[in-house]
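Dear colleague,

Please find below the structure that I am handing over to you. My findings follow directly after it.

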2 protein chains.
Amino acid sequence: MTGATEPLFEGLKILDFTRALAGPTCTRMFAEMGADVIKVESAPNGDLTRQMSKIRNDRSLYYIQQNLGKQSLCVNLRDPRGIALMKELVPHMDVVVENFKPGRMASMGLDYEALKELKEDIILCSISAMGQTGPLATKPGYDYIAQAYTGVTSMIGDPNDAPSIPLLGIGDVATGVHGAFAVLAAIYHRERTGRGQHLDVALADVYYHCHEVNVHQYTGSNGEIKPTRGGRHMSYVCPAGVFRANGGDIMIMAFLHHFKDLCAAMDRPELVTKEGWTTDQERLARLDEVVALVETWLQTFPSHWDAIAKMEEHGVPVAPILTVEDTITHPHLLHRGTIRTINDRLAGEFGIPGMPIKFSEFPEDLPLEADTLGQHNAHIITEVLNHSEEELAQLRADGILNEGEF
Amino acid sequence: MTGATEPLFEGLKILDFTRALAGPTCTRMFAEMGADVIKVESAPNGDLTRQMSKIRNDRSLYYIQQNLGKQSLCVNLRDPRGIALMKELVPHMDVVVENFKPGRMASMGLDYEALKELKEDIILCSISAMGQTGPLATKPGYDYIAQAYTGVTSMIGDPNDAPSIPLLGIGDVATGVHGAFAVLAAIYHRERTGRGQHLDVALADVYYHCHEVNVHQYTGSNGEIKPTRGGRHMSYVCPAGVFRANGGDIMIMAFLHHFKDLCAAMDRPELVTKEGWTTDQERLARLDEVVALVETWLQTFPSHWDAIAKMEEHGVPVAPILTVEDTITHPHLLHRGTIRTINDRLAGEFGIPGMPIKFSEFPEDLPLEADTLGQHNAHIITEVLNHSEEELAQLRADGILNEGEF
């Protein structure tokens, strides 16, 4: 039994071949809760995100955000001696996570069958855009490529114009957490059976998972319902969506029984029973009229905050549409640690999204830092793998290992 | 040790108080892999999604999609006898999952402290829009409300107009899977320490987790960079986004080194080194010009498919923007089971998103069905709780239990 303050994943060992976003999100969930995560970065330059968001002191804020608490091992993966080091490490590991283009692990001699020979019960989690199998498996691994192929992009934006793309890493982050779930499920299984396995986690599958009604409505209606984007309004209930007001936009969810709450707020109780206005379907048929009515009413308030307060009095589900700037100082998000301030020894103090899960047994964040490139090279080569200082020096001299200032 | 074909979560027992989407997505991840999930539905009508997507035979396709393999127990939670049954069930359980409005579990006498008295090592996973704590904790639990409060909506849509909302359950689904990860992490911890815990999983935290660069760019630049939406184009690399072509829109990711691939496809190699065009930053500064150039070239193809083929020849990351309709018959998505056809005894055959993770040890879906309302009432009352047939009849007669045809 471990003590109450010992981190949740203390002792769990992960060899992490991931870069960019989806893979690092997966291993972040473990590193931030105390697992030993060795992040393998390709020499000479490592994770390409080390070149992104270098806003301060040549240090990548992007890298820091996704890689707190991971141990950087920067090694030449195009050299047999680099691969040999990886094979030496595998028997020390519980889990290997990678998000190379499918086929790359095999070309390095590190596919699941090879790993299994090195450690019989190893768990390999492979994360990719379109998955390890199928005709599109080797498509380039960008979030928006998978988003386009899965009908997701088609559901975002003005229906009379090209679709819009969300400027966040929604698919990558969700895929990383699906991967983290998969890893724990495989560990759960291994503890009961002694067997490892290979996990195939794809952005395409994860994005498709997000189709709430679209897939069953299209297939269930035998193609009669053709789901498409609706701009700023929902397409199957009404009123529900973004409404413009003085000073800002407002999210209003006044469908079903909430329509009467909105009518009460607007002091228009007669609308609740007015012919052609009583159901969501009827209101959808006159969407423009409904939106005009609500927005005309919203214009009577000097500010959208007053309109929000009025609707809240009447129990209408409503929210201001905050900018990222607004969120940084929002009392609720600060209270919960949704936004978390970190202090990096090279980049100083700045904000990142906090751990998205609150564990009652581990209420505090660990005081983690992000490694500079290859910062843990010496530790891993000499302490974990028991090579000599001379061998370490030789590996460095031969460019098998590399280290950087940032 | 269990056999190879025994489902991954065989024997794991979950008491599931969830409704709608985020909560049911969490418990779906367990039910589809063989856990015993008892879905508690409030009598008389149960999960409100039983009223949604009733496209065939009064059977909700929505309910089926989210609740395959769960055992429906429909019980009056406003009656002390209903609550007493819940308290009887808890000692049989490993995990309780709920997504009521914060405070509702306590008002039923089923908050974490109460559950812990019934079973010392119980794990409670609470899923909500804004979290269990903080000034906005009791906000109504809709995906778009959390999306608006976290700056996510502000990052989607035309920068000169109101934001758009994605017509999918992205936040709900991602939150459900964050919850499933949290449950397994708590089980992992319990197996090592004997202790349970309370998990607080919020849409707001999960949505915030999706901010790839926005939070660190705003805070790291001391407010100089103010992230906002960019319509159909990315705002920090270029060209990257949605481009219009004959017959359909195309997602093109031709930033960084991929710009030269696009120039090769366009037979414009001189652009790679042309002054003012060589870096993403320079191209962003002339975004309109870049888009016009690419779209003029796309117009030279009779169909967007030809343009895609040409770009693929040159290694440009590119994808057609498929509609939901297009996805249903797509060979890659069918090959992987990304879309899965199920056959419901009441609603017949239709498609839903498949299990988003592929486990090598469990390649096949279990042949699961969704329960009708209260279908497992009798089993749970008489077999799990060992009440008599007479007691069961009395509970039914008194409206403590309810059953429905669909």
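Which strand of chain B is joined to strand β12 (residues 357–359) of chain A, and by how many bridges? The partner is strand β6 (residues 197–202) of chain B, and three bridges join the two strands, which run antiparallel. Within this pairing, Ile357(A) has Val201(B) of β6(B) as its bridge partner. Please bear in mind that the model is predicted.

The contact between the chains involves 125 residues of chain B and 125 residues of chain A. On the side of chain B that touches chain A, helix α7 (residues 170–193) of chain B gives the most, with 15 residues. Sorted by class, that side of chain B has 67 nonpolar, 41 polar and 17 charged residues.

The same surface serves both copies, since 100% of the contact residues of chain B recur in chain A.

Finally, a word on the domains. Chain A is divided into domain 1, covering 13–209 + 334–397, and domain 2, covering 240–325. Between the C-alpha centres of these two domains of chain A the distance is 43 Å.

With kind regards

Key: Residues numbered from 1 in each chain as written. Chains lettered and ligands numbered in written order. Predicted model: local features only at pLDDT ≥ 70, side-chain atom pairs only at ≥ 80, totals over all residues. Contact = placed C-beta atoms within 7 Å. Helix = DSSP H or I, 4+ residues; strand = E, 2+ residues; numbered from the N terminus. Nonpolar A, V, L, I, M, F, W, Y, C, P; charged D, E, K, R; others polar. Pairing = 2+ DSSP bridges. Domains from an automatic or database assignment.
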